Amino acid sequence: MDLGIAGKWALVCGASKGLGFGCAEALVREGVNVLLVARGAAVLQASASKLIAEYAGNTGAKVQFVAEDITTPQGRQAVFAARSDFDIVVTNAGGPPTGDFRDWDRDAWIRAVDANMLTPIELIKATVDGMAARGFGRIVNITSGAVKAPIDILGLSNGARSGLTGFVAGVARSPLAAHGVTINNLLPGAFDTDRLRGVMQGAAQKTSQALDVVMAARRNTIPARRFGTVEEFGAICAFLCSQQAGYINGQNVLADGGAYPGTF
């Protein structure tokens, strides 16, 4: 299927590895020009080089990168100095630490909200009016399956990402929608990423079990009996950014192998 987005410009955050890289890869494969953002310069440059080598020659897509922390005002300023207008924005920031809520002080909560709620809102605010003026825009916020099925050790993430979800529910239904701008949240369940391994390591330490045992137990809670791949996740993101997805707006798209037990 031709997604109809070749030649568009996308900003993909947290794009050096994991789910962010999966989204960037899927978009470049579709011929979308991509500006990658992540904090680690060396890994980010290597990821950009990989995309250029494997796809840019065939699709004609441009691949640029900015090594900055998108969760800071200075980082966002550097990104928008490199390019100010985007047709597609994929917001993504590393999840806050796991742990016991009794151990988190106000500063820990502020950092979580700043990274996982306020940063996406700032990126939305900076780009949607330009999208509306051009008659096309796609914003995909990578949040978490824990928004629908909270996990106790992910309290910081549960709270901050739920706040973003509430905000998006309102702004997606504003007059922006009539100008071709969609805003959706993409909720990953258990995908094979460094983040998942970190969470599982925390669970292993908490229960005094081996990591392999905890990972196997987690897989067995998923009807698919496996973890998702970043390529699968990227493909979902690319479709939400497509011309064909123009009537999907204000939704929370859960990708979890069937793990969520609810009807709705």
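How many of the five residues of strand E1 (residues 9-13) are buried? Five of the five are, so E1 is largely enclosed by the rest of the structure. Buried here means under 20% relative accessible area, exposed means over 50%, and partly exposed is in between (1.4 Å probe, protein chains only). Strands (E, at least two residues) and helices (H or I, at least four) are DSSP runs, numbered from the N terminus.

A quick word on the model: it is predicted, so local features need pLDDT of at least 70, side-chain atom pairs count only at pLDDT 80 or more, and totals for chains, interfaces and linings use all residues. Residues are numbered from 1 along each chain as its sequence is written, and side-chain values use heavy atoms, with hydrogens and water left out.

Now for the pairing, where two strands pair if DSSP finds at least two bridges between them.

| Strand pair | Sense | Bridges |
|---|---|---|
| E1 and E2 (residues 33-38) | parallel | five |
| E4 and E5 | parallel | four |

Val12 stands opposite Val90 in E4, and Val90 in turn stands opposite Val140 in E5. From E4 the chain crosses through helix H4 (residues 106-134) to E5, and this β-α-β crossover is right-handed. That label applies if, with the strands pointing away from the viewer, the path from the first strand over the helix to the second runs clockwise. E1, helix H1 (residues 18-29) and E2 also make a right-handed β-α-β unit.

**Arg138, a buried charge**

Arg138 lies in strand E5 (residues 137-142). Arg138 is buried yet has no salt bridge, and the nearest side chain of opposite charge, Asp87, is 9.6 Å away. For the bookkeeping, a salt bridge is a side-chain nitrogen of Lys or Arg within 4 Å of a carboxyl oxygen of Asp or Glu; Lys and Arg count as positive and Asp and Glu as negative, while His and the chain ends are not counted.

What does the Arg138 side chain have instead? A polar atom of that side chain lies 3.1 Å from the backbone oxygen of Gly180, and the backbone oxygen of Ser242 also lies 3.1 Å from a polar atom of the Arg138 side chain. Leaving aside neighbours within four places in sequence, Arg138 is in contact (heavy atoms within 4.5 Å) with residues including Val89, Met131, Thr182, Leu240 and Gly246.

Ser208 has a phi near 55°, a positive value in a residue other than glycine. Ser208 sits in the loop between helix H6 (194-207) and helix H7 (211-220), and is exposed at a relative accessible area of 69%. Arg225, in the loop between H7 and helix H8 (230-240), has a phi near 60° and is partly exposed at 49% relative accessible area.

Lastly, Gly170 is in helix H5 (residues 155-171) and is partly exposed, with a relative accessible area of 45%. Gly170 and Gly250 are 80 residues apart in sequence but 8.0 Å apart in space, C-alpha to C-alpha.

Note on methods
A polar contact is a pair of N or O atoms within 3.5 Å; within protein, one must be able to donate a hydrogen and the other to accept it, and residues adjacent in sequence count only if both atoms are side-chain atoms.
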